[in-house]
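Hi,

Here is the structure I promised to pass on.

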Amino acid sequence: MAADLSGIVIAPPTRSAKVAGIYRKFKRWPVIPVFLLGLVVFSGLFAPLISPHDPEKGELRERNIPPAWSSGEKATKTVVERMSINERTTTVTLSDAQKTDPAVQIGDQIEVFSRPAGSTKFLLGTDHLGRDVLSRVIYGARISLLVSIVTLAVGGSIGVVMGLAAGWYGGVVDEILMRLVDIKLAIPLILIALVLVITLGQSLWIIVTVLCLFIWPRFARQVRGEVLQLKHMDYVSLAKVSGASTARILFIHIFPGTINTLIVVATLQVGIVILLESTLSFLGAGVPPPTPAWGSMVADGRDKLAGGVWWISTFPGIAIMLTVMSLNLFGDWLRDTLDPRLRQLE
Amino acid sequence: MQKFLVRRFLLAFVTLLSVSLIIFIMSRVSGDPRHIYLDDYSTQEDWDRMGAVLGLDKPYYQQYGIFLKGAFRGDFGESVREGRPVTEVVIERAPATLLLGAVAFTFSLLIGVPLGILSAVKRGTMMDAFGKFVALIGQSAPPFWLGIMLMFFFAVKMGWLPPYGKQDWNSIVLPAVTLGWYYAAANLRLVRSAMLDVLDSEYIKLARAKGVNSRAIIMKHAFRNALIPPLTFAGVTIGALVTGSLVVETVFAWPGLGRLAIEALFAFDYPLLQGVVITFTMIYITAAFVIDVAYAYVDPRIRYA
């Protein structure tokens with residue numbers, strides 16, 4: 001006999017249940033990180049179309065303008081005929097004062113802007129050379145993208161090949177590889193990069209080379225571990241018996257088995273590459289100026305902070321942080337989805 | 001254990017030797033050091049005499065031998081900029097970096113481990129969300145920017161802490177927090193995931209079934225095992241703290257080795273730079289060695305691997 005269910009009413013979802021549902025959906029799909037990463041890629045690709053100003057040219061007259069929402073600062077100043085250098089903060093010349101109010105006379109006390117208000121012309125303000133911060137942040141995405149793509153392609157490939165070889169051959173090859181990894185960990189690579197830049201000059205290619213040196217061991221170790229597991233599989237033995245060459249076994253039979261892990265590792269490594277690249281350009285070893293890079297923009301604004309000019313350093317830093325954060329969140333999600341085993345390794 | 005110690009020691013030695021070779025090659029690639037010591041008015045005679053003193057007239061492998069021999073005696077030559085032995089300058093600056101590193105390391109443990117345990121025990125609560133937020137900021141914010149922002153807020157705006165330099169005791173707060181946050185984040189994540197695994201294991205379930213109270217389970221049974229991953233990571237942490245000091249010391253004008261390296265670099269003071277890099281490497285290798293041994297002591301499985 002079927003139970004009588006007619007009296008049961010299913011309650012409509014409460015408000016908090018709805019919120020929880022939305023929250024779960026956001027948790028299941030990395031909506032925000034993917035959106036932010038898309039934004040960075042879009043900015044990088046279409047920088048000339050979407051940036052409001054030229055990132056490398058600025059008017060000195062328009063330097064240090066705060067972001068659009070800032071109301072500026074006013075100060076009371078005395079109107080004088082001629083201004084002496086050490087009274088700059090307390091006086092204003094008659095001719096300047098008359099621009100705002102033609103009726104003022106020498107000796108009057110008037111309210112003037114000690115720092116201009118922000119304008120919608122420069123949404124995130126301008127830097128110490130009058131260049132638009134927003135445009136520079138947009139263009140800065142290009143350098144980060146370019147460096148991470150090239151580094152990932154080259155460094156990742158080196159790592160994969162080394163890892164395949166070490167895992168497959170074992171023995172001496174494996175030992176040498178693992179010692180190389182040790183050495184890499186022991187050397188302050190940032191210093192090496194700085195030395196190279198100082199002696200050979202600033203260039204994109206030196207940065208990429210050093211970053212490749214930095215990331216290949218991570219890929220090599222990962223692939224090595226996978227190969228050690230896969231090489232005892234039956235289908236690999238079968239391929240061996242049927243006369244496939246070592247190269248064929250490694251690249252056609254074993255390598256595809258490592259791709260899931262590699263995608264996860266690559267996503268998380270890009271975050272590290274972007275952090276390192278910006279560190280190098282912060283220390284003055286990035287792409288040569290005036291090309292905008294996020295790290296060097298932070299460095300530009302560093303000594304302006306004491307004067308209250310905070311926006312030059314803040315916005316590129318936020319750009320770096322959000323990009324890396326999105327990559328980390330996206331990578332975590334990928335890992336949980338593609339390869340939960342990896343969770344232990346982080 | 002003895003066999004493990006010997007093997008580990010030999011490995012550390014090989015690593016140090018390779019690093020010294022890399023540094024030697026870099027210093028030769030970067031040009032003849034005589035260009036820095038001598039000016040345009042020097043004669044060919046000066047040039048040759050200098051070469052003989054520095055051993056530059058000999059083939060490269062002998063030059064490397066001379067460099068190694070000096071390095072073993074702790075002699076890295078004379079700093080061009082300061083006109084004093086490199087070792088003297090390095091020893092003068094090392095304590096500041098070691099202090100900063102030690103405080104940052106302690107900070108990363110004090111923040112990371114308790115927060116990691118709390119996040120795991122109170123999984124899915126506000127506490128866990130807070131832990132995730134701290135970890136996410138720490139792993140995503142570039143240290144140089146984080147330092148500048150902290151400096152702007154706590155020193156320039158609020159005036160609570162000195163913005164840079166090393167005078168009062170409280171001037172270490174901002175650099176140490178900047179340097180330690182990333183590792184606090186890493187420790188938090190490691191402890192949290194290790195803790196979650198341990199809490200799920202059979203022996204914890206047994207302890208619960210026996211009726212042991214949950215505080216005792218967490219502190220006695222789970223916590224100890226959850227410490228192993230952060231301990232392994234500590235080796236990497238200490239090495240990376242050294243590199244991190246380059247950035248943080250530059251931002252906060254902290255008078256340590258990191259800033260010394262940058263100063264030496266921009267002054268083309270290669271002997272000094274070599275000395276600093278070797279010192280960094282030795283600090284890292286020593287730390288990694290100590291931690292590996294400690295690790296093998298804690299977890300016997302490592303010894304026989």
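Chain A comes to 12 helices and 3 strands. Keep in mind that this is a predicted model, with an ipTM of 0.80 and a pTM of 0.80. Of the 346 residues in chain A, 40% are buried. I also looked at contacts in chain A between residues at least 6 apart in sequence, and 75% of those join residues at least 24 apart.

On confidence, I have numbers for chain B. The average pLDDT there is 80, and 92% of the residues score at least 70. Helix α5 of chain B (residues 86-121) has the highest confidence in that chain, at 87, while helix α14 of chain B (residues 300-303) has the lowest, with a mean of 60.

Now for how the chains meet. The interface brings 33 residues of chain A into contact with 37 residues of chain B. On the chain A side, at least two residues each come from α6 (171-186), α7 (189-200), α10, α11 and α12. Sorted by class, that side has 22 nonpolar, 6 polar and 5 charged residues.

The crossing is right-handed. From α7(B), the contact uses B:P143, B:L146, B:G147, B:L150, B:M151, B:F154 and B:A155, and from α8(B) it uses B:L174, B:V177, B:T178, B:L179, B:W181 and B:Y182. By class, these residues split into 11 nonpolar, 2 polar and no charged.

Next, the core. The largest nonpolar core has 151 residues, and the members that touch the most others are A:L211, B:A261 and B:V276. With 17 residues, α8(B) gives the most to this core.

Which one has a positive phi although it is not a glycine? B:A253 does, at about 50 degrees. You will find B:A253 in the loop between α11 (228-252) and α12 (257-266) of chain B. B:A253 counts as partly exposed because 13 other C-beta atoms lie within 10 Å.

The other one is A:H253, in helix α10 of chain A. A:H253 is partly exposed too, because it has 18 other C-beta atoms within 10 Å, and a residue needs 20 or more to count as buried. Setting aside residues up to four places away in sequence, A:H253 touches A:Y235, A:V236 and A:A239. Take A:V236: 17 residues separate it from A:H253 in sequence, and the C-alpha to C-alpha distance is 6.9 Å.

Cheers

Conventions
Residues are numbered from 1 along each chain as its sequence is written. Chains are lettered from A and ligands numbered from 1 in the order in which they are written. This is a predicted model: local features need pLDDT of at least 70, side-chain atom pairs count only at pLDDT 80 or more; totals for chains, interfaces and linings use all residues. A crossing is left-handed if the near helix is turned anticlockwise from the far one by less than a right angle, and right-handed if clockwise. Helices (H or I, at least four residues) and strands (E, at least two) are DSSP runs, numbered from the N terminus. Two residues are in contact if their C-beta atoms, placed from the backbone, lie within 7 Å. Ala, Val, Leu, Ile, Met, Phe, Trp, Tyr, Cys and Pro count as nonpolar, Asp, Glu, Lys and Arg as charged, and the others, Gly among them, as polar. A residue is buried if 20 or more other C-beta atoms lie within 10 Å of its own, exposed if 12 or fewer, and partly exposed in between; C-beta atoms are placed from the backbone. A nonpolar core is a set of buried Ala, Val, Leu, Ile, Met, Phe, Trp, Tyr and Cys residues joined through C-beta atoms within 7 Å. pLDDT is the predictor's confidence in each residue, from 0 to 100.
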